[in-house]
Structure formats: structure tokens, C-alpha cells
Amino acid sequence: MIKSQYKWNVKNVDQPSDEAKKLGQELELDPIICQILINRGYEDADSIQNFLNPNPDQLADPLLMHDMQRGIDRIEEAVSNSEKITVYGDYDADGVTSTAIMYEALDQLGAEVEFYIPNRFSDGYGPNVEAFKKIIENGTTLIITVDNGVSGNEAIAAANKLNCDVVVTDHHELPEQLPDAYAIIHPRFPGSNYPFGGLSGAGVAFKVVTALLQEIPQDALDLVAIGTVADLVPMTGENRVLVYYGLQAISQTARLGLSALIKEAKINPEELDEQSIGFGIAPRLNALGRLNDAAPAVELLTTVDEDRATELARDVESQNKERQELVKQISLEAEAQADTETNRNSQTLIIDGNNWHEGVLGIVASRIVEKTGKPTIVLNRDSTTGRAKGSGRSVDGFDLFSALDGHRDLMVNFGGHAMAVGMTTTIDNINQVREALEQEADKQKLSEQERSQVKVAATLNLADTTMDFFHLMKRLAPFGTDNLEPLFRFDPDSISGVKVMGADKTHLRFKLGQNGKSLDAIAFGKGSLAKDIQNGPNDTEIIGCLDLNVWKGRSTLQVMVKDVLVSGTQLFIKRTNQLNQQMFQKSGVYLFFHKKIMTQLLPFIGENAQGILFEDFSIQQVNPETVIYIVDCPDTIEDLGGILKQVKPSKIVLYLYKKQPISLLGMPERAQYAKLFKFVETHRNVDIAHQMDELAKYLEINRNVLVFMIQVFFEVGFVQVSQGLMSGAAKPSRVDLAAAPSYQLREQQIETEEKLLLSNANELKVWLQTQLV
């Protein structure tokens, strides 16, 4: 049995509704696609058409946004008066693209403009008092924040005292006390009439530039798409339109730095999609801010010098590789800590190490959460300062921010939200924070929380997985938050070709089969499940996304597996003709069909296990968590089938031990019976106890076959055996040898061996599964 990692939300996924079928006919769409859209809130033909056909007309008037006109007036005044303007950005991908969008537009308008990207380690996030003062000392009279600012009360107050206006453009959560900025341009400002609140920082900057230029800035579509995808904002409404057109712009961008970055990342512009941004472009832009200074990222995106673009792109690629290596090294150490006995028994995790780069600890924390399902904080210990600084990530149903908010006395710095926090504490306080977090887990009843939930879009038969369906499904893209790539449920008849992949064997490949059609499946990070999936029963389900695999010019569909569920009993077929002590050390029930074999092996069975003879077995001795080991091969197929029909354990391991299978010798031939009959007619008192080998050689019959033949003759009265001496019967009756019990048993044994020992593993597995139903 394999428990699913997530809770599957499978509401309305088995069959398209009548409404979906009706819309499918009206719009000439597959009903499954219509049902997915209905489930996502697009319930009529018009809303579906608008969704499937993004259009610039769907972009709202930027002047509807709070303080937009006031902010634009101040910017235009600064441009007209040749005031020095500084765009104050942020060090992540959304922040640097926001900065580039605003900087380029102001430069285009002829403004005297510079940009400033705060350093993660020295400036921290958002407006920094000292940074603002330095900017103002250099002659700036207008600061425009992008992707930050709504929480910069102190720095903005300092700017006001120095006669520098601040126009805030931001999209983050609004605090109770807003800064005294000249203008606060924000899509979710209380009381404003802006219709879409889910813009990224780059999206807000794009709207400001639209208002400044009084037209959609076509040459900024590539940047706004990157910032939007990178910041994981809702991929609906305006964001969907911006990314839809932005992806087209990226694929044919004239931006030298972006082209160079795409080349370094080995992204094919013809196949570029939102995943190319999320897993290729954005992580590289983020790498600069995580490790050092993110300002070169803005230069990369805005440079018109081809040589400089190439140089910067290579530097970005180098730092991204360094970031990947850091994450890999720290993750290995962090995972080892997470796997200690103490941490396995904890509801939450605080993991700490020495000389861990603080810029990547959030990524490491996310990996540990994904692997363990536990809220995790990863800290770097600095013995010089005596402090430990890092990041935390949570799970659905556990508010990590509120859990720690009441323990600020244990921390030097702290901030964040329900799912992610940043914090600094002292090394001496780490254990107290750990204890506090465990107590908060009890208060929030973390142990009673359900697993993280994933929404399944539809149940697909393999027959439905056509190229036409795939391309129609892709019309739902670009995918992202609130418009996730559809997760489909598959219930295959069979799973075959299970293989681990990757240098460290952490990934998995297998093939789904259903009604004669097959589909390849790739499961990243699930290599440890290989044996369980390979030996699972037919009731194996998976959920995953459809993907296109292009190899040597040939395109085929495959499933990228998100989760696996194996219910019922798993079957591990380990047929053998040799037994050893190690095979009997695990806990479980060891079932024997032959008393002689059980007597020999009972001394080797471990303390937490028991050996049971088939005829003494009762269903009460097995619960759903029990593992049953079928030690030896039964004489009849019905004996094993009878056991399987009674029990539903978690796992059955079949050794099916038999030292010398009878089926390899088969049944004696008629001529061999005749030769033995003729011999016993003329010989009396043959010492078969001591001369069986000589007799077998004389009759040219295999010794074991001869023993069986003599037993049959004895049972039908052809011979008499007394004290090891065999003599032929004086006047034997005419009897059918098949009436002998030994003859009948041998026929049953051969049939059983052919089914259990000589069949291939797949054939045996199919038969075993029919017995477990």
C-alpha cells in the first residue's frame, strides 16, 4: 500500500455534466475541457470564450487605480523639471523586472533617472532609511518604489524630512498604518475601483507606465510576463492577458540580455512557455539577489551592448549554478537532520547548520516541507555574532507566522506571513524556539490537520489522451496560481516497465496500460516507490499532468506524475529454491504448507514474527498492517487461493520455496511403469531402503521418479513393502494408477508448480490479484 502524499479533491471529475456537454457542443470544445472551466468558475459561453481568447481589451484602465493620476502628475512634473528620479526596486525576479520596466519608460521620456536595488544582506527588504538618505544625498528629489514600499513608513518619513517625494507602487499586503507617501499606487487599496487586485509588482509598474505613455508599452510585455510568473500571483484576469502576450514577446524578444540569458539557460524560444520562466529564467534572475547583488540583473535586462549582455548572462548562469550547488549541499545535510529519530517524531522542524548560505535557506526549507510534510525553519548559525538567521515554510492549515508571532521575545528579527517567514534568533535560543513551535503545533492542532489538498481536474481514460485533446488542454495556458495546469486522475489496468532514473536513482519511469493503450509516466523524486509500484495490485491510481515528450523529432504524450495511490495488498514475488536466516528476520506472519519445513525453520524466525502451519491458520491472526510471507510452495493451488481469499494484509511476500520442483521431472511414462511392473513380477525382497540407487540405475529411471512410482504401486496393491523390502504382489488386481492418492497429488503438484513457479511474474501477479478480490 502507498498512501497518497496529498488529499485528492475529486469533486465533479468522473464524467462531464450535462451542462458541460451542452457547452461543448455550442463552443465545439471537448466536454472535459468545458467541465474543467465550469469547475473553475467559468460557467457560460461568454466567460469561457473570454478566458480562452485573452485580449488587450480585457486590460483595465490604469487610472482607476488608487493615486494613479496623482502619481503620474508628480512623475511628469519631475521629468519636465529635470529632477533626478531614482527607481527603488527589490532583489527578486519580480523586483528587478519592475525596476527595468519603470527605468526604461522614464529613460524613454527623457528623465534623469537611476535605479537602486537594495542588497538582501545589508539593506534588507523594502525601503531602507540609510539607503534612502544616500540616494537623496546624491541629488534625487523623487523616489519611485516598485514591488515594495507600503511598509516603508520609517524610510519614507525620513525622505519627507529631506524634501524628497516618494511615489509607492506596490502590490503586497497593506499594513494597518500606511506610509505618508506622496502617492500610493496599489491595485487593492481600500475603497478604490480597480477591478483586478492580483497584479504583481511588475504588473503595477506596467500599469503606471501605460498611464505615463498613454498606451500599452509593447516592449515591456516580456518583462511583465517574467515578473508575473515569477511572483506566483493569480494567473487569471489581467495577469493572464499580460503573460499570454508576454510569452509571445519573449520568444521573439530584441532584448539583448534576455536573449543571452535564454541561450545560457538552453531554452528553446520556439517551445517557450510559462514553465520556461518559472523554472528557467526566474531562478537565474533570483540567483543574483540570493547570493550577492541583484543590480546586474536590471542591467542585463536593459543593456543595449551585445558584449555586455553576453558577459552578464554568463555571470548570471555561473551564479545560478553556484546557487544550485549550495541548495543541493545544504539540502543533503538538512534532510539528514530531518530524518533523525527526534525529528521524525516531531510535528515541526527547526534545522540548523554552520556556514549555510542564508540566501538559499528558503529554497531548502521548501524542499524539506515537500519531503516531510512538516512546517520547517532552516537556520544558519553564525558563531561570530552568536545569531542564527534563516527562513521558514509551512503547510496548509498551519499559520507559521502566528505560531511564532507570540514569541518575538526569543527573536532578534521576525516577519512574514502564514506560509513563509524570515527570522533571526540567537544560537542559545534555538531550542526554546523549537519547543515553542511544537507547543504552537499542539495549539493549532496540526496533527489533526488534513494533508495538503490538490484539485483533480478530470478522470481520463488512456483512450482520451490524444494529441488533439492535449493541444485543446493547452488553450487553458498560461498556467499558474488559480489557473493550475490540469491534474488528471488515471486508473490504469496495469503498470509495467518500472525503472528508476537519474544518477542518484531518485526518479521513476513506468508505463500505464488500459484497454490495450499505453502511456509513459515520469515521476520525479519518487524513485523510492519503485518496488511498491512494481509490486502493487491493480488498484493503483495516479494523478499527473499531460506533457509532450519530443525526442529525435518525434512527439509523444506522457504523464508527469504528481501523486500515487496504491490501495489493497502489495505483492512481492521472490520465488526461490534456497532459504537463509535473513529471510525470516522481519516482523510478520510466516505461513508454511509443510510441517517438516516449518519445523526446520522455526528457530530462525525473528522475535516480532510468528510461524503458522497452513492448516492452523485463522483470519484473526492477520490485520491490515500485517505482512504475510508465503514460505513454501503448496501442494494444491486451492490451498493458496483459499488463504488469499480470506485475508487483506498490507503486503504479501511469496518465497514459494521448493528445493526440486516435481514439474521438471513430470509424470512417469507408460513404458516406465511397464518396466517397473515387469521387474517386481520377478523379484522379491528387494532392499529399496539401501539399494534404491542401484535399482534406479538398473531400470534407467530417475531415482526420485522411481520412488514416486513405487509409492503409487504400493497404494494400488501392485507391491508390498515391509521393513524396507519390496516384493511384487502375487495376484495384483487390475487397477487404474490414476486412482492412487500419490498419483493424484503429483498431478496437483505439477499443476500448482506450473502456476506458481514456472509462470512469468506478470502472469502470476494477475492470478494472485484475482484471488485477493
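This is a predicted model: local features need pLDDT of at least 70, side-chain atom pairs count only at pLDDT 80 or more; totals for chains, interfaces and linings use all residues.
Local features here need pLDDT of at least 70 and side-chain atom pairs 80 or more, while totals for chains, interfaces and linings use all residues. Residues are numbered from 1 along each chain as its sequence is written, and side-chain values use heavy atoms, leaving out hydrogens and water.

Q: How are α8 and α9 oriented to each other, roughly parallel or roughly antiparallel?
A: Let's start with the axes of α8 (residues 201-213) and α9 (residues 221-230), which come within 7 Å and cross at roughly 150°. Angles run from 0 to 180 degrees between N-to-C directions of lines fitted to C-alpha atoms, for helices over the stretch in contact. Because angles over 145 degrees count this way, α8 and α9 are roughly antiparallel.

Q: Which residues of α9 does α8 meet?
A: Contact means heavy atoms within 4.5 Å. From α8, Ala202, Gly203 and Phe206 take part, and they meet Leu221, Leu223, Val224 and Gly227.

Q: How many of the 16 residues of α5 are buried?
A: Buried means under 20% relative accessible area, with a 1.4 Å probe and protein chains only. Among the buried residues of α5 are Ala93, Ile101 and Leu106. The helix is largely enclosed by the rest of the structure, because the buried count is 12.

Q: Which residue's backbone oxygen lies 2.8 Å from a polar atom of the Ser4 side chain?
A: Ser4 sits in the segment before β1 (7-9), and its 9% relative accessibility makes it buried. Leaving aside neighbours within four places in sequence, Ser4 is in contact with Arg451, Asp563, Val564 and Leu565. The backbone oxygen at 2.8 Å belongs to Tyr6.

Definitions and conventions: Helices (H or I, at least four residues) and strands (E, at least two) are DSSP runs, numbered from the N terminus. Angles under 35 degrees count as roughly parallel, over 145 as roughly antiparallel, 65 to 115 as roughly perpendicular and the rest as oblique. Buried means under 20% relative accessible area, exposed over 50%, partly exposed in between (1.4 Å probe, protein chains only). A polar contact is a pair of N or O atoms within 3.5 Å; within protein, one must be able to donate a hydrogen and the other to accept it, and residues adjacent in sequence count only if both atoms are side-chain atoms.
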